[in-house]
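Hello,

Here is the structure we talked about handing over. Please open it beside this email and follow along as you read.

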Amino acid sequence: MKINIFRDIFKIFLFISLSYQSSFAISSSYYQDKFKATKKLYLGAVISNNKSNEIKYLKKLITYGDKIEINTLKYKKELNRLDKTTSVHKPIKTKFTLKPKYTIKSIKQTKNSIIIDFYNNINSSFLKFSEKRDKYYYFDYFDIKGSYKYAKPTKLSFKVLNRTIVKQTSKNRLRISLKSKRNPKTIYIINKKQIIIKLLDKVIVKKKVSSIKQKVKLLPSDLFVASKKTIVIDAGHGGKDSGAVGNNRKYEKSIVLNITKYLKQELQRKGFRVYLTRSRDRFVKLSKRTHLANKKKADMFISIHANAARKSRAKEAHGIETYFLSPARSARAKRVAAKENKGDMRSMGWSSKNSLLTILNRGKITASNKMAIDIQKNMLFSLRGKYGKNNIKDGGVREGPFWVLVGAQMPSILIEVGYISHPKESRRINTKKYQKLIAKGIAKGCESYFLKNQ
């Protein structure tokens, strides 16, 4: 009786075991087929460079591979590389975590500087400088766009100042205020993720002031290496060459001459040595314009022009553009260059001109490009503050074969301050307000370029 019971139990166990093996074999075969099919789909996603599908099929390969006990380590590594948010391993928790509500990482004080570090990239719009004076004290205010966790307010200590306070004045504005019985001499430098506010030494300031021949007022935020730098400004066209002609017979030569005079004042106010290629309505050959810059050993050459479009596009074409010397790669740059190059070098063929550009100016193209970027950005910032972003078009920084720049032995650019042919922009360009604002923007761009490239 007992033997029969054990025999029945053994039969039941054997049946279950065989059923399980059969089921496992069917399951294993199913996942093997799935794995092979998914592998083909994954390879197709790799060939077509479809990242989202690569991630999708890698996840499936890992799942099916684990089912059939295949080593899926290479797929896990590839998934980690493609999709860092879907890490196979648990992320390691760092001690410090970035809280999104704070944009300023730290504020540090050195002997003569305040250094503000940001989590993300910044630009010139992140800082606004202003100053005030009462009966007894001078005040410098640096309003910075951002929020700092430890601004309580915080007091800093400098020997040359009576008081320095860091305070969060609103949710997204930090103010650093300097108070002194004497007018504080300060400059600021804006880098990718950093603002540096520097207090200048009194001896250095005296040297800089004494080196400037003309009596000009120096703003505290503008004093730096300017007194050692020379800039030559070229007002395009002149005399018999009127340049472009706008509405109501407004001449390009007159508009750009006014802007160069305002620009000269702005640059001198910052401490630069400045020369003009022409200070009145007279014709100057293109070669002689850069000859003056070379003679004065200038650090920068800027040629000022106003753009124009043909009648069919007069109502459409507008905006500010900055060019640096290089063979033109766009039809638009070639068109603008053709308009500005009429004054000289007519006998030279197009291929000869391109060869000349490539040989003579290879060394300064990079520096001119950097300068063009800084000046274009600051012109837009200055004008958009008054007229609004939508009313001032960014024509961009471009390469162009401008012969007025060929002979310059220093970084050089050509600026088109707007379209004299555009009905609305033409009226604006003719106003003192616009001319002074664009001059301020150019001057600020020059300052920014030298601060970054000393």
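To start with a question: is the crossing in which H2 passes H3 left-handed or right-handed? The crossing of H2 and H3 is left-handed. Before going further, please keep in mind that this is a predicted model.

**Helices H2 and H3**

Helix H2 covers residues 51-67 and helix H3 covers residues 73-82. Their axes come within 9 Å and cross at roughly 150 degrees. Angles over 145 degrees count as roughly antiparallel, and H2 and H3 are therefore roughly antiparallel to each other. On the H2 side, the contact is made by Lys51, Glu54, Ile55, Leu58, Lys59, Leu61, Ile62 and Asp66. They meet Tyr75, Lys76, Glu78, Leu79 and Leu82 in H3. Sorted by type, the residues of this contact are seven nonpolar and six charged, with no polar ones.

**Helices H9 and H11**

Another helix pair to look at is H9 (residues 365-387) with H11 (residues 432-452). Here the axes come within 7 Å, and the crossing angle is roughly 140 degrees. H9 and H11 are therefore oblique to each other. Their crossing is right-handed. The contact of H9 with H11 divides into twelve nonpolar, five polar and eight charged residues.

**Strand S12**

Next, please find strand S12, residues 300-307. Eight of its eight residues are buried, so S12 is largely enclosed by the rest of the structure. You can check this on both faces: Met300, Ile302, Ile304 and Ala306 are buried on one side, and Phe301, Ser303, His305 and Asn307 are buried on the other.

S12 also has strand partners. Strand S10 (residues 230-235) runs parallel to S12, and five bridges join the two. In that pairing, valine 232 has phenylalanine 301 of S12 as its bridge partner. Strand S15 (residues 412-419) is parallel to S12 too, with six bridges between them. There, serine 303 stands opposite leucine 414 of S15.

**Asparagine 191**

Asparagine 191 lies between strand S8 (186-190) and strand S9 (194-199). Is asparagine 191 buried or partly exposed? Asparagine 191 has a relative accessible area of 31%, so it is partly exposed. Leaving aside residues up to four places away in sequence, asparagine 191 touches Ile122 and Ile196.

Enjoy looking around, and write back with any questions.

Best wishes

Methods
Residues are numbered from 1 along each chain as its sequence is written. This is a predicted model: local features need pLDDT of at least 70, side-chain atom pairs count only at pLDDT 80 or more; totals for chains, interfaces and linings use all residues. Side-chain values use heavy atoms; hydrogens and water are left out. Axes are lines fitted to C-alpha atoms, for helices over the stretch in contact, and angles run from 0 to 180 degrees between N-to-C directions. Helices (H or I, at least four residues) and strands (E, at least two) are DSSP runs, numbered from the N terminus. Angles under 35 degrees count as roughly parallel, over 145 as roughly antiparallel, 65 to 115 as roughly perpendicular and the rest as oblique. A crossing is left-handed if the near helix is turned anticlockwise from the far one by less than a right angle, and right-handed if clockwise. Ala, Val, Leu, Ile, Met, Phe, Trp, Tyr, Cys and Pro count as nonpolar, Asp, Glu, Lys and Arg as charged, and the others, Gly among them, as polar. Buried means under 20% relative accessible area, exposed over 50%, partly exposed in between (1.4 Å probe, protein chains only). Two strands pair if DSSP finds at least two bridges between them. Contact means heavy atoms within 4.5 Å.
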